[in-house]
Amino acid sequence: MEIKVLWMYPDILNLHGDRGNIMALCKIAESLSLGMDIVKVNNYKELPDLKEIDFMFFGAGQTKDLANVIADMSHYKNELELYVKAGGHVLATGSTGCVFGRGYVLRDGTKVKGLGLINMTAKELNRTKTPFVTREVYGDDILWKTKNGIEIVGCQIQRFDINLKNKSDCYGDLIYGYGNNLVDGIEGAVYNNLHCTNTVGPLFSCNPWLAVEYLNEILSKHGKRLKDYNEDKIPFMEYAKNSLELKKKYTREKMKQKRINYTGC
């Protein structure tokens, strides 16, 4: 079977090595004997019929480019919403998740309206009071678990405080790092099969088991499953697991130094 993927705005949503997500997804699919058809979309005029698409990927982008992305996506907002409601898979990493919210506010007071698919808002970082003095950008490791218990590790280069109207709409629970806003203890946002995460690194390279989860869900929609799936078929799976354990150990040490309670991982 061939998985049909849209790589959205690859020329501008390309920070933090996020092209590695597409590379990792292709490599994992190849290891599992799955075909992968990658189509790059730079503007709404190049958008194919979403009914034929299995997965849409939006990489991390600069703040200055997000308004342009929203303006272009407004041309197919209704089609995108139908796609998501029908169970179509979408993943957005980094600050690009703000595109799918109600909107965001920049430090100078500029307000940008989002697509409104997710009931969340964002505000550009400008924390000036202790203990959370965080202005302009925050960078550190991030460690969290999805709602179904998948451990995720990566890094986070944060430009926004993100607030979900309903915290139960988060992607997962934070173990270490900033997450959505350094206060709520949650990470990312979910609406149907639309997932937004602040995790970069890139996500699928560091966490190939998450890519396998996406592929399995996509196949399920087609009445198929990875019956023959064997982790040994993915050359770097064991390496990634060992890397996860080392990063967890390193994170535990950092948490001790910062006197942060270790929540277990």
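On a 1 Å grid over the protein atoms alone, a cavity is a set of points where a 1.4 Å probe fits but cannot get out. This is a predicted model, where local features need pLDDT of at least 70, side-chain atom pairs count only at pLDDT 80 or more, and totals for linings use all residues. Side-chain values use heavy atoms, with hydrogens and water left out.

View 1. Lining residues (an atom within 4 Å of a point) include Cys 98, Met 120, Ile 162 and Asn 180.

**View 2. Tyr 9 with Phe 58.** These two rings make a tilted pair, 6.3 Å centre to centre with 40° between the planes (rings of Phe, Tyr and Trp, its six-membered ring, pair with centres within 6.5 Å; planes under 30 degrees apart are stacked, over 60 edge-to-face, the rest tilted). Tyr 9 sits in the loop between strand E1 (2-8) and helix H1 (19-31) and Phe 58 in strand E3 (residues 55-58), so the pair ties together parts 49 residues apart in sequence. Helices (H or I, at least four residues) and strands (E, at least two) are DSSP runs, numbered from the N terminus.

**View 3. Phe 55 with Tyr 214.** Here the pair is edge-to-face, at 5.4 Å centre to centre and 65° between the planes. Phe 55 belongs to strand E3 and Tyr 214 to helix H5 (residues 208-221), 159 residues apart.

Definitions and conventions:
Residues are numbered from 1 along each chain as its sequence is written. On a 1 Å grid over the protein atoms alone, a cavity is a set of points where a 1.4 Å probe fits but cannot get out, and a pocket is an open set with protein on both sides within 12 Å along at least five of seven lines; lining residues have an atom within 4 Å of a point.
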